Amino acid sequence: MSHIGDLIRQHCPDGVPYKTLGEVGSFTRGSGLQKKDFTETGFPCIHYGQIYTYYGISATQTKSFISPAQATRLHRAQPGDLIIATTSENDEDVCKAVTWLGDGGVAYGGHSVVFHHSLDAKFVAYWFQSRDFQDQKRRFITGVKVREVSPRSLEKVLIPVPPRPVQEEIVRILDSFTQLEAELEAELEAELEARRQQYEYYRRELLEGSGSVVLLGDLATNLDFRRRPITKSSRLAGSVPYYGASGVVDWVANSIFNEDLLLISEDGANLSARSTPIAFSVSGPSWVNNHAHALRFPDYNTRRFAELYLNSIDLSPYLTGSTQPKLNRKNLDSIPIPHVGSGRIQYVVETLDSFESLITHLSSRLPAEIAARRQQYEYYRDRLLSFEELAA
């Protein structure tokens with residue numbers, strides 16, 4: 001920040017001029033490009049929707065292409081031009097922009113405009129992210145379901161125009177911030193993935209028995225006879241969780257259980273897909289419908305061991321039905337569980353619970369760290385892009 005101060009004192013000691021976007025550049029509206037026009041190869045193009053989902057502040061290559069023949073009928077952005085998505089479903093995203101820095105021109109279509117200007121290319125792109133621009137653009141947003149800012153309105157928006165050395169130094173600093181943020185995210189994600197792999201390895205190793213097994217039906221007491229489904233229209237709203245095949249599906253006023261149980265999916269696509277655990281522990285007051293088996297175990301460690309084991313194995317040999325997989329009571333009871341001593345069960349459960357706790361901590365830390373970094377970045381970005389205005 002001190003070097004920026006030196007540059008400002010050197011190049012613009014009396015302040016920085018603010019000009020309208022219409023004074024420093026021109027806007028050209030695109031048209032005629034749809035997703036169905038994309039080809040595997042051909043002329044590079046940017047669809048306005050990709051600006052929201054695919055690009056950062058700048059791009060040197062595109063995700064999509066169109067035929068050379070169609071490209072001749074479309075407007076093209078040149079290196080250094082800013083491509084702006086001028087429509088969105090919300091005010092925050094409208095006017096998200098990407099600077100094209102590739103070799104040669106790139107085609108673009110409707111719901112986007114190109115801003116051709118005389119400023120540093122990435123300086124403008126960073127400024128379009130700033131709070132200053134966001135606050136100004138809101139005055140020009142129109143539409144109800146689709147929010148839009150027209151090129152004519154954008155021409156009226158004021159942008160600071162510091163000397164080129166100041167623009168370039170700001171870009172250098174913000175590029176460094178962006179790179180550090182990306183490296184931190186990658187580091188945290190790599191650590192989380194390493195812990196997950198470590199957990200999977202120990203889960204496989206620890207849950208293997210010595211060959212002796214006990215059937216699940218002999219290990220637990222089945223309480224399916226106490227389950228009772230309630231139609232949505234008949235449920236009384238309350239604070240008691242109402243469980244189905246994959247977890248809580250509603251909250252009701254009364255309970256049919258008030259104890260520690262292991263619930264196991266009885267039917268549903270998740271029995272095959274396994275996108276969420278098919279076995280999950282519940283405690284305290286609960287209501288269970290007929291889409292989840294309810295099992296009582298003699299103690300926590302035994303229940304938790306069974307939960308971990310069932311979530312780790314392939315259950316397809318025990319499922320019936322192809323369109324709608326089902327784990328019936330007979331097949332559930334016949335699932336073999338490794339028979340190990342109580343001391344071993346406690347060790348396995350404590351070890352895997354510790355791993356899960358660590359992974360949960362890392363999983364919650366990741367978005368918090370990313371959010372904190374982004375907040376810090378936005379603070380310094382907005383400070384860097386705020387100037388004392390040159391007196392008229």
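## A first look at a sheet and a helix

Tyr 243 stands opposite Val 288 in β21. That's a handy place to start in this predicted model.

- Strand β21 covers residues 285-288 and pairs with strand β16, residues 237-244, in the parallel sense, over 2 bridges.
- Both belong to an open sheet of 4 strands, with the order β17-β16-β21-β18 and mixed pairing.
- Out at the edges you'll find β17 (247-252) and β18 (257-258). Each has a single partner strand, so one side of each is left without a neighbour in the sheet.

**How α11 meets α13**

- Helix α11 (residues 300-310) and helix α13 (residues 342-384) have axes that come within 9 Å and cross at roughly 60°. That angle makes α11 oblique to α13.
- The crossing of these two helices, α11 and α13, is left-handed.
- On the α11 side, the contact is made by Tyr 300, Asn 301, Thr 302, Arg 304, Phe 305 and Leu 308. From α13, the residues taking part include Ile 345, Val 348, Val 349 and Leu 352.
- Sorted by class, the contact of α11 with α13 has 7 nonpolar, 3 polar and 3 charged residues.

**How covered α11 is**

- Mostly covered, it turns out: 9 of the 11 residues of α11 are buried.
- Among the buried residues of α11 are Arg 303, Ala 306, Glu 307 and Tyr 309.

Methods:
Residues are numbered from 1 along each chain as its sequence is written. This is a predicted model: local features need pLDDT of at least 70, side-chain atom pairs count only at pLDDT 80 or more; totals for chains, interfaces and linings use all residues. Side-chain values use heavy atoms; hydrogens and water are left out. Axes are lines fitted to C-alpha atoms, for helices over the stretch in contact, and angles run from 0 to 180 degrees between N-to-C directions. Angles under 35 degrees count as roughly parallel, over 145 as roughly antiparallel, 65 to 115 as roughly perpendicular and the rest as oblique. A crossing is left-handed if the near helix is turned anticlockwise from the far one by less than a right angle, and right-handed if clockwise. Contact means heavy atoms within 4.5 Å. Ala, Val, Leu, Ile, Met, Phe, Trp, Tyr, Cys and Pro count as nonpolar, Asp, Glu, Lys and Arg as charged, and the others, Gly among them, as polar. Two strands pair if DSSP finds at least two bridges between them. Buried means under 20% relative accessible area, exposed over 50%, partly exposed in between (1.4 Å probe, protein chains only).
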